[in-house]
Amino acid sequence: RVLNEMLDRFNVGKGTDSALFIDDAKLEDAEDESTVYGGVDVNLRVASGNIQRIKVLNQMACNVYDMLKYKKLFLSLSAVASLEQRLEKDLK
């Protein structure tokens, strides 16, 4: 329900708009081990599975090509923090 409301608000999944969701879910932060798979929240992956033009990635699989390919980009707060740490290592 929450995903559908967000997609409607940003006009994603209908027409030509596409979206990339980047998450960085960790097992140690999850309430239950079954809610995280491959660094992505299982509920987010399942909810977006049948929606066309939506891709869900872990922040480790994120690349510049995907970020530019999709019209809209959604990042979780944990994904932003992890991406910042990765980029800081590259700059040092």
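Biologist: Where does Ser82 lie?
Modeller: Ser82 sits in helix 4, residues 77-91. Helices are DSSP runs of H or I with at least four residues, strands are E runs of at least two, and both are numbered from the N terminus. This is a predicted model, where local features need pLDDT of at least 70 and side-chain atom pairs count only at pLDDT 80 or more, while totals for chains, interfaces and linings use all residues. Residues are numbered from 1 along each chain as its sequence is written, and side-chain values use heavy atoms, leaving out hydrogens and water.

Biologist: OK, is Ser82 buried or exposed?
Modeller: Ser82 has 10% relative accessibility, so it counts as buried. The cut-offs are under 20% relative accessible area for buried, over 50% for exposed and partly exposed in between, with a 1.4 Å probe and protein chains only.

Biologist: And what is Ser82 in contact with?
Modeller: Leaving aside neighbours within four places in sequence, Ser82 contacts Asp24, Lys26 and Gln59. Contact means heavy atoms within 4.5 Å.

Biologist: Switching topic: how many aromatic pairs are there in the whole structure?
Modeller: The search finds one. Phe21 and Phe74 have ring centres 4.7 Å apart and planes at 10°, so they count as stacked. For Phe, Tyr and Trp (its six-membered ring), centres within 6.5 Å make a pair; planes under 30 degrees apart are stacked, over 60 edge-to-face and the rest tilted.

Biologist: Which parts does the pair tie together?
Modeller: Phe21 is in strand 1 (residues 19-23) and Phe74 in strand 5 (residues 72-75), so the pair links parts 53 residues apart in sequence. Both Phe21 and Phe74 are buried.

Biologist: What order do the strands of the sheet have?
Modeller: This open sheet of three strands runs 4-1-5, with parallel pairing. Strand 4 (54-58) and strand 5 are at the edges with a single partner strand each, so one side of each has no neighbour in the sheet. Strands pair if DSSP finds at least two bridges between them; strand 1 and strand 5 have four. One of the details there: Leu20 has Leu73 in strand 5 as its bridge partner.

Biologist: Which residues make up the largest nonpolar core?
Modeller: Eleven residues, including Leu3, Phe21, Val56 and Phe74. Helix 1 (2-9), strand 1 and strand 4 each supply at least two residues of this core. Another core, of six residues, lies apart from it, with Ile22 and Leu57 among them. A nonpolar core is a set of buried Ala, Val, Leu, Ile, Met, Phe, Trp, Tyr and Cys residues joined through side-chain atoms within 4.5 Å.
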